[in-house]
Amino acid sequence: MSPATNPGTRDRLRIAIQKNGRLSEPARALLSSSGLSWRESRDKLFCYGESLPVDLLLVRDDDIPGLIADGVCDLGIVGRNVLDEEIDGRCAAGRPATFREWRALGFGGCRLALAVPEGWDWRGPQQLAGKRIATTYPNQLRTWLRMNQVEADIVVLNGSVEIAPRLGQADAICDLVSSGATLAANQLKAVQDVMHSEAVLAGPAQPFGDVRAELAELLLRRMDGVLRIRDSKLLLFQAPRDALECLLQLLPDAEPPTMCAVDGADTLALQALCHGAMTWQRLEDLKRAGARGLMVLPVERMLA
Ligand code: PRT
Ligand code: ZN
């Protein structure tokens, strides 16, 4: 059960995911909701697909673009920040990437942002001219600086970027931000977004020429089914017929509901697939508008 390295034709699909980290659990959850199950190798580096011929390679996220480029893996789940950094780097070196983003996956959201000391009065990108900017994303920062016609020094660090200004290594930083707590703890403020990131499915720029094409298509179809209904809920309720118009206005994110008459013709039983959050506030609004017996059910999967 070891991962034979054969970049040519293969009859199994191999997907690289992060071994440990922010994206590992959600990536596994998405793949298992898409119907995959595996047997894990003893060294926990490889998972052999049991339900479908789709195996997993568990790696560091930074290695995923290279593994796809080298044909060791067919697909990968990785942050767009990591993927674009590799793509920008390869373009700058005059060897365009042979892989690309296939799908945005809706988890692992964050942004790559420029941040400066809190005391700075930010007036725009030109303020960075001649300054030193610390980052682990030099290629994307270089692209952004070029687009904004700013000449600045890029200080490449492997980690702990947020403390570089305090250590005197840099004047500003370009780093990932999600809640902003790390910046605040280091007396920095985000002033400019460089890119928005989330986990993405990455794959080759060219289609597969063998059975992997069908497997990838099947997987994408299933993933799309899972992603489409990720925040969706099935709403069941009854309502007087004359309240229908008002109730439907409160459900702008719902698919056209299925209805049937109960108690003669005056009361309707409705079932609607809603794509937005079904909060208590919304349920109370629906109740006030005449809905009764409201029930919110999770939706596990959907095949259109
Ligand atoms: O070991 P390996 O190399 O695989 O893992 P890693 O340590 O490089 O990656 P990991 O697990 O930290 O992150 C994996 C991916 O998660 C990243 O590439 C992003 O796509 C995504 N992601 C989402 C984040 C964040 N949010 C995030 N907040 N990655 C890192 N951070 C860090 C950020 O660098 C900063 O240090 O969290 C800190 C900021 O967080 P806030 O909430 O204080 O703003
Ligand atoms: Zn990493």
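Guide: In this predicted model, Asn81, Asp84, Glu85, Asp88 and Gly89 of helix H3 meet Pro138, Asn139, Gln140 and Thr143 of helix H4, contact meaning heavy atoms within 4.5 Å. The residues of this contact comprise 1 nonpolar, 5 polar and 3 charged (nonpolar: Ala, Val, Leu, Ile, Met, Phe, Trp, Tyr, Cys and Pro; charged: Asp, Glu, Lys and Arg; polar: the others, Gly among them).

H3 spans residues 80-92 and H4 residues 138-147, helices being DSSP runs (H or I) of at least four residues, numbered from the N terminus. They pack at an angle of about 70°, with their axes 7 Å apart; axes are lines fitted to C-alpha atoms over the stretch in contact, and angles run from 0 to 180 degrees between N-to-C directions. H3 is therefore roughly perpendicular to H4, a class covering 65 to 115 degrees.

An automatic or database assignment divides the protein into domain 1 (13-108 + 199-228), domain 2 (110-196) and domain 3 (233-298). The contact between domain 1 and domain 2 takes 7 residues from domain 1 and 10 residues from domain 2. About 760 Å² is buried between these two domains, 46% of it from carbon and sulfur atoms; buried area is the accessible area (1.4 Å probe) that two parts lose on being put together, summed over both. Asn81, Glu85 and Asp88 supply 66% of the area that domain 1 buries against domain 2, more than any other three residues.

Residues are numbered from 1 along each chain as its sequence is written, and chains are lettered from A and ligands numbered from 1 in the order in which they are written. Local features need pLDDT of at least 70, side-chain atom pairs count only at pLDDT 80 or more, and totals for chains, interfaces and linings use all residues, while side-chain values use heavy atoms, with hydrogens and water left out.

Terms used
Helices (H or I, at least four residues) and strands (E, at least two) are DSSP runs, numbered from the N terminus. Angles under 35 degrees count as roughly parallel, over 145 as roughly antiparallel, 65 to 115 as roughly perpendicular and the rest as oblique.
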